[in-house]
Amino acid sequence: MQPMDRRSPDLWYTEYQKPDMRLGLRIKEILVNKQTQYQHILVVETAEYGRLLALDGAIQITERDEFTYHEMITHVAMCAHPTPKRVLVVGGGDGGVVREVIKHDSVERVTLVDIDEAVIETSRAYFPSVSCALDHPKVEIATMDALVYVKEHVDEFNVIIVDSTDPVDFAAGLYEKSFFATAANALKSDGIIVAQTESPFAEPEIVSSTFLALREVFPISFLYWGAVPTYPTGLWTYAIGSKLYDPRETRSSAPLDVRYYTKDLHHSAFILPKFLKDLIGRDAKMQTKEKACHAT
Ligand code: AG3
């Protein structure tokens, strides 16, 4: 621990995660601080986690831990499919998911749909290690509302990855059953969808309601989890829905240049702690069924 230098300014980035909970990171430099048509964009250099991108006050990426989230939201769905060729990324304008998708050789085209071009431009300028695949010849970028884009595309994708911001304002619709239903139409008959579903400690009702909405649309659905240190509580969940393949199994090989994802981790991420099973009701329902059986 370095002694405080009283002559240097004491600047902190604070995410107000909940009314009674906040995360603070010391700022070395403020790089971008601007309002776009859709949201507020902040880029700061932090002492502990490197560069940080926050949208409307919510941390999206830090240079130091973005790999944990991007690898887990991408490779589970991609490796559960034997040959993912057409991939749609909803949100994710920073390019982190696209970078991971491009690591799979079977991919022929990946389409990124983000509503806010300024996020894409900011990532290109300040996060080259995250946005590095955005100019890849297999990548197509559409800056528009993903709700509209998904409605206009039917039977096209093998994998859809919903890398959205928290469910507020324009992103709220991406957590609803009606969105999952249109996304199911946009997927081919072997399609898989994955969406980030927040923290079970910070936002338990978002985890359960989003998972249940997905479960109503897809015949096969699971929740899995991973660590993201700078997101609220550090414990993160992802909901995955599938038309054909059991996403707990791997069918294509994992990319070599990963730092978090492994096949063992793929399998183990689906093993949920008891409270998380209870939260999404699967266990509770099964227990009720068992009890009913014993009673007869
Ligand atoms: N999108 C999900 C970020 C949610 C974080 N929430 C928060 N900090 N309150 C991340 C986009 C990265 N490509």
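The model is predicted, so local features need pLDDT of at least 70, side-chain atom pairs count only at pLDDT 80 or more, and totals for chains, interfaces and linings use all residues. Residues are numbered from 1 along each chain as its sequence is written, and side-chain values use heavy atoms, without hydrogens and water.

Seven strands form an open sheet, in the order 8-7-6-9-10-12-11, with mixed pairing. Strands (E, at least two residues) and helices (H or I, at least four) are DSSP runs, numbered from the N terminus. Two strands pair if DSSP finds at least two bridges between them. Strand 8 (139–143) and strand 11 (220–227) stand at the edges; each has a single partner strand, so one side of each lacks a neighbour in the sheet. From one strand to the next, the twist averages 15°.

Strand 11 pairs with strand 12 (residues 235–242) over eight bridges, in the antiparallel sense. Here Trp-225 stands opposite Thr-237 of strand 12.

Now the helices. Helix 1 (residues 66–80) lies across strands 6 (86–91), 9 (157–163), 10 (187–196), 11 and 12. Helix 1 runs at about 160° to strand 9. Angles run from 0 to 180 degrees between N-to-C directions, with axes fitted to C-alpha atoms, for helices over the stretch in contact. Contact means heavy atoms within 4.5 Å. Helix 6 (residues 177–186) also packs on the sheet, touching strands 6, 9 and 10. Its direction makes about 140° with that of strand 10.

Last, the cysteines. The whole structure has zero disulfides (cysteine sulfur pairs within 2.5 Å). The closest cysteine sulfur to that of Cys-79 is in Cys-132, 18 Å away, which is too far for a bond.
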